[in-house]
Amino acid sequence: ALHLASVVAPLLLPDVPVHIWVAGAPPLDQALAADTLALVERVILDSDAFTDTTPMLRAVAAAAREHEPRSPIVDIAWLRMEPWRDLVARAFDTTSRRPLLAGVDSVSIEASGDASARLAAGWLTSRLGLDPACVGIEVASGEPRGLRAIHITSSWPSEATVDVRLGGDGLQTQVVIDGETVAARAVPLDPPSLAELIGAALQEGGEDPVYAQALQAAAGIEG
């Protein structure tokens, strides 16, 4: 539709929540137009479906900024990343390891999707206050799209590394401090189906300030 809002508006019922699902990777001009966003609760998209990552992330970030504090974007790539974020956070979630967060000085990310890699980089830089120059990104081709590894190094108060990566049927986590492995675990990973991801996106009720900050940071990272 050349004028999406005018086509859809007459079909809507009062007080019924409306979402837009951007299937595939079409141009976002209509989905992110101001009159369209005024009609909907959420725009659901998968940033990993787009090959022109930089303009896509900048357009989505601009739409989110314009509608703050109500962010209208739900990104399936971000939802798909939840187990990774959980495991990285858990690696630092002890009294003895939490101080290592202040000493993080480099991050490397591997992915088979540029958007996932940059969202992960945006998440870490925004949460840790890192300079984007400290984050290295390696993107490979292949399916399914998504993260392949996150490797974090900290130099204070001890020399430490946290490594989370795909291995076997799940995610492998290893924490090494001063040359000694202090934690290692394997977590089964059952990738959710597209239907499950869309269902989760439809159930998103509140704001996600962590995603909002990660998105803005990711939009500023050059691919």
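Trainee: Before we count anything, what counts as a helix or a strand here, and how many of each does the protein chain have?

Mentor: Helices are DSSP runs of H or I with at least four residues, while strands are runs of E with at least two, numbered from the N terminus. This is a predicted model, by the way. On that basis, the count for the protein chain is eight helices and nine strands.

Trainee: What radius of gyration does the protein chain have, and what would a compact globule have?

Mentor: Start with the box: the C-alpha atoms fill roughly 65 × 35 × 35 Å along the principal axes. For 223 residues, a compact globule would come out near 17 Å. The chain's own value agrees with that, and it is 19 Å.

Trainee: Is V88 buried or exposed?

Mentor: You'll find V88 in helix α5. Among residues beyond four places away in sequence, V88 touches W123, L124, I150, I152 and V164. Its relative accessible area is 3%, and the cut-off for buried is under 20%, so V88 is buried.

Trainee: Which residues lie nearest the centre of the largest pocket?

Mentor: That pocket holds about 520 Å³ of space. Helices α4, α5 and α7 and strand β6 each give at least two residues to its lining. The lining has 24 residues, and those nearest the centre are R80, R145, L189, P191 and P192.

Trainee: How many residues in that pocket's lining are charged?

Mentor: Let's go class by class. The lining of the largest pocket has 13 nonpolar residues and four polar ones. The charged residues there number seven.

Trainee: What is the phi of D15 near?

Mentor: D15 is in the loop between α1 (4-8) and β1 (19-21). With a relative accessible area of 81%, D15 is exposed. Its phi is positive, in a residue other than glycine, and lies near 65°.

Trainee: Where is D178 found?

Mentor: D178 isn't a glycine, yet it has a positive phi of about 50°. D178 is exposed, with a relative accessible area of 54%. Its place is the loop between β8 (170-177) and β9 (180-188).

Notes: Residues are numbered from 1 along each chain as its sequence is written. This is a predicted model: local features need pLDDT of at least 70, side-chain atom pairs count only at pLDDT 80 or more; totals for chains, interfaces and linings use all residues. Side-chain values use heavy atoms; hydrogens and water are left out. On a 1 Å grid over the protein atoms alone, a cavity is a set of points where a 1.4 Å probe fits but cannot get out, and a pocket is an open set with protein on both sides within 12 Å along at least five of seven lines; lining residues have an atom within 4 Å of a point. Grid points are joined across faces, edges and corners, and a volume is the space filled by probe spheres set on the points. Ala, Val, Leu, Ile, Met, Phe, Trp, Tyr, Cys and Pro count as nonpolar, Asp, Glu, Lys and Arg as charged, and the others, Gly among them, as polar. The radius of gyration is taken over C-alpha atoms; the globule rule is 2.2 Å times the number of residues to the power 0.38. Buried means under 20% relative accessible area, exposed over 50%, partly exposed in between (1.4 Å probe, protein chains only). Contact means heavy atoms within 4.5 Å.
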